Amino acid sequence: METTLTEVSPVEYELEVTASADELKDRVKAAVRTQRSKMDIKGFRKGKVPAQMVKKMSGPALSMRIAEQVTQDAFEEALNERDDIEMMGRPQISEIDYEIDSDLRTVLRFGVRPDVELKDLSDEEVRMLVHEVSEEDVEEEIQNIREQEADLVPVDEPASDGDYVSVDLQRIDTATDTPIIGEGDEDVTFFLDDERLREELRDAIMGTEAGDTVRATLPPPPHSDEGEARTFDITVNDVKRRDLPPFDAELVRRFTDGNMDDPEAFRDELRSRIAQSYEQQSREMVQGEIVDRMLELHTVPVPPSVVESFLDSFEEELAEEEYDGDLPDDFDHTHFREQNRGDAERQARWMIIRDKVIEDADIEVTDDDLQDFFSDQMQGQEDISAEQIQGFYQSMPRMMDQVDQQILSRKVYDELIDRFDVRELDLETFRQEIQAEQAAAHGHEHHDHDHDHDHDHSKEDDAPSSIIT
C-alpha cells in the first residue's frame, strides 16, 4: 500500500491511498467471512453461502466498507508520522475507485489548523461602557414596575401618550379611496408609548376617542428599500389608561412573589440589579468589539471542513429550536447553508484566533474556576447546594464541556482586554457613538442599494406587527 500526502492549501491536505488487489486479499476474506455469517439464503445453511455469491450479492457494500477502513488506517498512520500537522474539522473521502478483488485508489481531504501570529494590540483601541447607577436609573426602573403592575381602566378622554388602545385597521386603495378586501385587521392592541410603534400611527391616534376613525399613511421602514407606502383607515375601539399603584409594601410583595416587602430594601436590590445589568451589557459590548477588531487584524484562512461543521451545527440548532429535533423533508439545505456561510466562516475564524490566545497565554480551566461557576449558578436557588449543581453538570459530559468552553472564553476576553488600549465611555457618549456608526452604516447600505440594479425588492409583510416596528 502506498500513501501520498499533498498540501492543497495552507489549511487543507489530500491523502491519496493506493493498494493492489493482492495487498487487500486478507481484508477481503475477512469482510466476506463476516458478511457470510449474517446471510440466510434459501438452499444454503446459514453461514455457508459461497464466497463468490457473497461478493456478487454484497459487493458494493463490502467494497465501500473495505475502502473506508483502508483509508482510515492509512490516514491515522500518516498523521502519526507528521507531528507538525493538527487536523481540524471532519475528514472527507472525496474519491473512491475500488471493486472487490481489484486494485484500490482513494483520496481523502482534511483540514489542518493554520499558523496564526497574534498582533501586538497595545496601540489598538476598543471601547468600554462605564456607568455608575444613579437615582434616576432606580426611579425609572420603579416606574417601569409600577406600569407593569398597573390596572388598565377605560377612559372617556382623548388618547394620550402611554394609553392602551384597541383599533381596527383597514388598508385603503388611495387611487379609488376604497377598502382593499382581505387587508384589514381587527382589535389590534398596543400602548402608544411602545418604542416599536410607527411614529405616523402614533401621531394619527393621539387625541382620538373611542369611535373615531382617522387615516394614516405609513411609509416603508427607515433605511430600507423594501415595501411601499400604505394608507390605512384606523377605527379606535376603546382607550384605556394605566392606573399606577403606589410604590409601597403591597406592590413590592406582589412583584417579588412575597419574597420582599420593604420598599427601601427593594430599592437597594434594584440598584444592585441595574448595576449588574449594565456590567453585563458593558462586557458583551466590549467582547463584540474585541471579536470585530481581532478578525480585522488577523486574516486567518479557515479549512472548508470546519466551515461545514459549523453549518452542520447551525442546522442542528435550528432543528432543535424550531422543528422538535428533525428538519422537514422539504427543507432547503443548500439555500440555508449558503445564507449562513458567512457567519459560519466568521465563527470559525474567531475559534482559531481564540485557540491561539489560549495557547499563547497558557489559559486553562482550574478547579477554582469551576467552583466559582457553580457558586454563581446557586444565586436565587438557596435550596440547592453548589455540590448538587456540580453533580448535575458532571453527570452530563456535554454540559461540562460547555462549562469549560464558557470559562475559557471569559478568560480569553479578560486576557485580550488587558492587551488592548481600552477607552472608557459614559453611557451618553457611548450611545452617541453607536448611533452615529449605525446611521453611517445605514447610509452606506442605502448607497449600495441605489447602485444594485439586480436588488430584489420584496414587499413588506402586511401582518399587524409590521406597523409596530
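This is a predicted model: local features need pLDDT of at least 70, side-chain atom pairs count only at pLDDT 80 or more; totals for chains, interfaces and linings use all residues.
**Where α9 meets α10**

- On the α9 side, the contact is made by Gln371, Phe373, Phe374 and Gln377.
- α10 answers with Ala386, Ile389, Gln390 and Tyr393.
- Sorted by class, the residues of this α9 and α10 contact come out as 5 nonpolar, 3 polar and no charged.

**Where α9 meets α11**

- The axes of α9 and α11 come within 11 Å and cross at roughly 105°.
- α9 and α11 are therefore roughly perpendicular to each other.
- From α9, the residues making this contact are Asp369, Leu370, Phe373 and Phe374.
- From α11, look for Met400, Val403, Asp404, Gln406, Ile407, Arg410 and Lys411.
- The contact of α9 with α11 has 6 nonpolar, 1 polar and 4 charged residues.
- Phe373 and Phe374 turn up in the contact with α10 and also in the contact with α11.

**The largest pocket**

- The largest pocket holds about 750 Å³ of space.
- Its lining runs to 21 residues, and Glu279, Gln280, Arg283, Asp376 and Arg410 lie nearest the centre.
- α6 (263-297), α9 and α11 (397-419) each put at least two residues into the lining of the largest pocket.
- α6 has the largest share of that lining, with 8 residues.
- By class, the lining of the largest pocket splits into 6 nonpolar, 8 polar and 7 charged residues.
- Arg410 is one to pick out on screen: it is among the residues nearest the centre of the largest pocket, and it is also part of the contact that α11 makes with α9.

**The second largest pocket**

- About 620 Å³ of space lies in the second largest pocket.
- It is lined by 16 residues, and the closest to its centre are Phe310, Ser313, Gln347, Met351 and Gln405.
- α7 (304-322), α8 (333-361) and α11 each supply at least two residues of the lining of the second largest pocket.
- That lining has 4 nonpolar, 6 polar and 6 charged residues.
- α11 contributes at least two residues to the lining of the largest pocket and at least two to that of the second largest pocket.

**Two aspartates with positive phi**

- Asp101 has a phi near 70°, a positive value in a residue other than glycine.
- You'll find Asp101 in the loop between β3 (87-97) and β4 (104-112).
- With a relative accessible area of 45%, Asp101 is partly exposed.
- Asp187 also has a positive phi, near 55°, again in a residue other than glycine.
- Asp187 sits in strand β8 (residues 178-191).
- Asp187 counts as exposed, with a relative accessible area of 53%, because the cut-off for exposed is over 50%.

**A buried glutamate**

- Glu315 belongs to helix α7.
- Its relative accessible area is 10%, so Glu315 is buried, the cut-off for that being under 20%.
- Leaving aside neighbours within four places in sequence, Glu315 is in contact with Leu327, Phe331, His333, Phe336 and Arg337.

Terms used
Residues are numbered from 1 along each chain as its sequence is written. Side-chain values use heavy atoms; hydrogens and water are left out. Contact means heavy atoms within 4.5 Å. Helices (H or I, at least four residues) and strands (E, at least two) are DSSP runs, numbered from the N terminus. Ala, Val, Leu, Ile, Met, Phe, Trp, Tyr, Cys and Pro count as nonpolar, Asp, Glu, Lys and Arg as charged, and the others, Gly among them, as polar. On a 1 Å grid over the protein atoms alone, a cavity is a set of points where a 1.4 Å probe fits but cannot get out, and a pocket is an open set with protein on both sides within 12 Å along at least five of seven lines; lining residues have an atom within 4 Å of a point. Grid points are joined across faces, edges and corners, and a volume is the space filled by probe spheres set on the points. Axes are lines fitted to C-alpha atoms, for helices over the stretch in contact, and angles run from 0 to 180 degrees between N-to-C directions. Angles under 35 degrees count as roughly parallel, over 145 as roughly antiparallel, 65 to 115 as roughly perpendicular and the rest as oblique. Buried means under 20% relative accessible area, exposed over 50%, partly exposed in between (1.4 Å probe, protein chains only).
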